[in-house]
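Here's a quick briefing to read with the model open beside you. Have a look at the fold first, then work through the points below.

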Amino acid sequence: MFNCLKRITAVSLILLALTPATTLAVDRLGIGSPVDGKTLAGWDIDVRPDGQGLPAGQGSAVDGEELYLEKCAACHGEFGEGAGRYPVLMGGYETLTTADPEKTVGSYWPYATTLFDYIRRAMPFGDAQSLSAKETYALSAYILFMNDIVTEDAVLDGAGLAAIKMPNRDGFIGPDPRPDVLRKACMKDCKGTIEIRSFARKIAVTPELEKAEAN
Ligand code: HEC
């Protein structure tokens with residue numbers, strides 16, 4: 001009997017492990033609906049710095065120029081200089097250490113793969129996610145060409161984008177040097193006694209209780 005129970009428990013545990021969490025939430029809470037792989041794929045569009053997540057396909061800077069003029073230049077300027085107060089996409093090199101840094105794709109962004117991710121996810125503004133993979137590769141190549149990072153005849157695919165070393169790649173500080181980021185958090189018996197050394201009241205930033213109540 002005991003063995004039999006054990007076996008039933010084991011089988012239920014395996015079944016439980018195989019049941020998608022979403023199905024459980026639907027059954028248990030009566031809200032939502034299970035998400036199938038196809039639906040999920042529409043949301044799963046992130047591209048990582050190393051290029052993971054980039055789709056198949058490729059695009060040329062030459063094709064990108066035409067698309068750019070048609071779909072992007074109205075806001076970002078014909079040469080990426082930015083129209084009105086829309087973001088500048090080009091230049092700004094050697095301004096990062098000045099009092100007025102101009103952070104553009106060319107001067108600031110550490111990874112070219114992010115350009116693909118961002119354009120596919122968010123641009124053109126107002127008509128996001130309307131571009132094909134080929135168009136997005138072409139636009140990425142053209143913006144990189146505008147920034148003198150690739151040549152005019154560049155044709156980029158996922159591997160090509162991931163292989164580009166952006167000018168500011170090494171301009172970020174890492175690992176995060178703040179002491180509380182690296183220190184292992186103490187969760188138990190951290191300090192023998194706690195001594196209160198001062199009160200905010202002393203420097204008059206906390207209203208006195210009586211005064212606060214009187215007001
Ligand atoms: C209607 C105006 C408009 C159009 C058209 C447009 N953009 Fe943008 N773009 C914006 C705005 C606004 C932002 C900033 C959005 C934000 O910060 O949330 C932006 C941001 C960007 C950025 C990031 C800039 C940075 O350094 O942070 C890139 C890259 C970009 N757009 C590319 C494109 C491309 C490629 C196209 C054409 C397919 C395009 N945009 C079309 C308005 C536009």
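Which residues of α6 are buried? They are T113, L115, F116, D117, I119 and R120, where buried takes 20 or more other C-beta atoms within 10 Å of a residue's own, exposed 12 or fewer, and partly exposed is in between, with C-beta atoms placed from the backbone. Keep in mind that this is a predicted model: local features need pLDDT of at least 70, side-chain atom pairs count only at pLDDT 80 or more, and totals for chains, interfaces and linings use all residues. Residues are numbered from 1 along each chain as its sequence is written.

**Around α6**
- The cover over the buried residues of α6 includes α7 (133–146) and α8 (158–163); helices (H or I, at least four residues) and strands (E, at least two) are DSSP runs, numbered from the N terminus.
- P124 sits in the loop between α6 and α7, and a cis peptide bond links it to M123, with omega about -10°.
- Most peptide bonds are trans.

**The ligand shell**
- Of the 18 residues around the ligand, C72, C75, M123, P124 and F125 come nearest; to be near, a residue's C-beta atom, placed from the backbone, must lie within 6 Å.
- α5 (73–76) and α6 (113–122) each put at least two residues into this shell.

**Positive phi**
- D148, in the loop between α7 and β2 (155–157), isn't a glycine but has a positive phi of about 60°.
- D189 lies in the loop between α9 (179–182) and α10 (209–214), with a positive phi of about 45°.
- D189 is exposed, with 6 other C-beta atoms within 10 Å.

Methods
Contact = placed C-beta atoms within 7 Å.
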